[in-house]
Amino acid sequence: MEELDTQTEVELENYSEDTMTSVEPDSDEIPGETVYTSSVGVATINDAKLLKEQTRAKNEESLYAIIESTEVTDELKAEAIQDVIAMTNRADMETGAEILLQAKGFSDCIVSISDSGVDVVINATSLTDAQLAQIEDIVKRKTGANADEIVISTVATD
């Protein structure tokens, strides 16, 4: 299980490094506040969604191989089953947030949940304070994340 988790984190970190910029706290930043970033580099939001789904499918395949294996302990199988359930729950929360964001006019967006928080990428050059608040509210409701666990990024594709 550790190997799978590490592999997933590495793939997600590589994706994040290629597509998002890191943000250093400003002196006027309020602790516990949602972080807003801007970035360039994603070809399209759909490419990012595809990458996310491919990574998830690969991880599910590995977990199902463990579950179906006759050479693995019942304890490891139970852990793999719990990981599949957690992955499914994350996918459901991501989809729910994306659907609500699309319903509110953010038609090109992606939500990604990790152990460290929630990343939201919106295809826009900038967002107003009202839009940021609306996105934060939707993500908090659909994922249960706190404001300080949410990073909202914009990416303008050409």
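1. In this predicted model, helices α2 and α3 pack at an angle of about 160°, and their axes lie 9 Å apart. Angles over 145 degrees count as roughly antiparallel, so α2 is roughly antiparallel to α3. The crossing of these two helices, α2 and α3, is left-handed.

2. The overall arrangement may be stated briefly. The protein contains four helices and four strands, and along the sequence these elements follow the pattern α-β-α-α-β-β-α-β. Of the 158 residues in the protein, 35% are buried.

3. The buried residues of α2 are Ile45, Ala48, Lys49, Lys52, Thr55, Arg56, Asn59, Leu63 and Ile66. A reader inspecting the side chains may wish to note that Lys49, Lys52 and Arg56 are among the buried residues of this helix.

4. Ile45 belongs to α2. Is this residue, Ile45, buried or exposed? Its relative accessible area is 0%, so Ile45 is buried, the cut-off for that class being under 20%. Ile45 and Ile122 are 77 residues apart along the chain, yet 8.0 Å separates their C-alpha atoms.

5. Which elements give two or more residues to the largest nonpolar core? This core has 18 residues, and those with the most contacts inside it are Leu101, Val118, Val120, Ile122, Leu127 and Ile135. The contributing elements are α3 (74-103), β2 (109-114), β3 (117-122), α4 (129-143) and β4 (150-155). Helix α4 gives the most to the core, with four residues. As a general matter, nonpolar side chains in soluble globular proteins tend to be buried together.

6. Strands β2 and β3 run antiparallel and are joined by six bridges; a hairpin of two residues links β2 to β3. Within this pairing, Ser114 stands opposite Gly117 in β3. Strands β3 and β4, by contrast, run parallel and are joined by five bridges, and Val120 stands opposite Ile152 in β4. Val120 is also one of the residues with the most contacts inside the largest nonpolar core.

7. How many of the six residues of β4 are buried? Five of them are, and the strand is accordingly described as mostly covered. Val151 is found in β4. This residue, Val151, has a relative accessible area of 24% and is therefore partly exposed, since buried requires a value under 20%. Val151 and Glu136 are 15 residues apart in sequence, and the distance between their C-alpha atoms is 8.9 Å.

Terms used. Residues numbered from 1 in each chain as written. Predicted model: local features only at pLDDT ≥ 70, side-chain atom pairs only at ≥ 80, totals over all residues. Heavy atoms only, no water. Buried < 20%, exposed > 50% of the residue type's maximum accessible area, 1.4 Å probe, protein only. Core = buried A, V, L, I, M, F, W, Y, C linked by side-chain atoms within 4.5 Å. Pairing = 2+ DSSP bridges. Axes fitted to C-alpha atoms, helices over the stretch in contact; angles between N-to-C directions. Parallel < 35°, antiparallel > 145°, perpendicular 65-115°, else oblique. Left-handed = near helix turned anticlockwise from the far one by under 90°.
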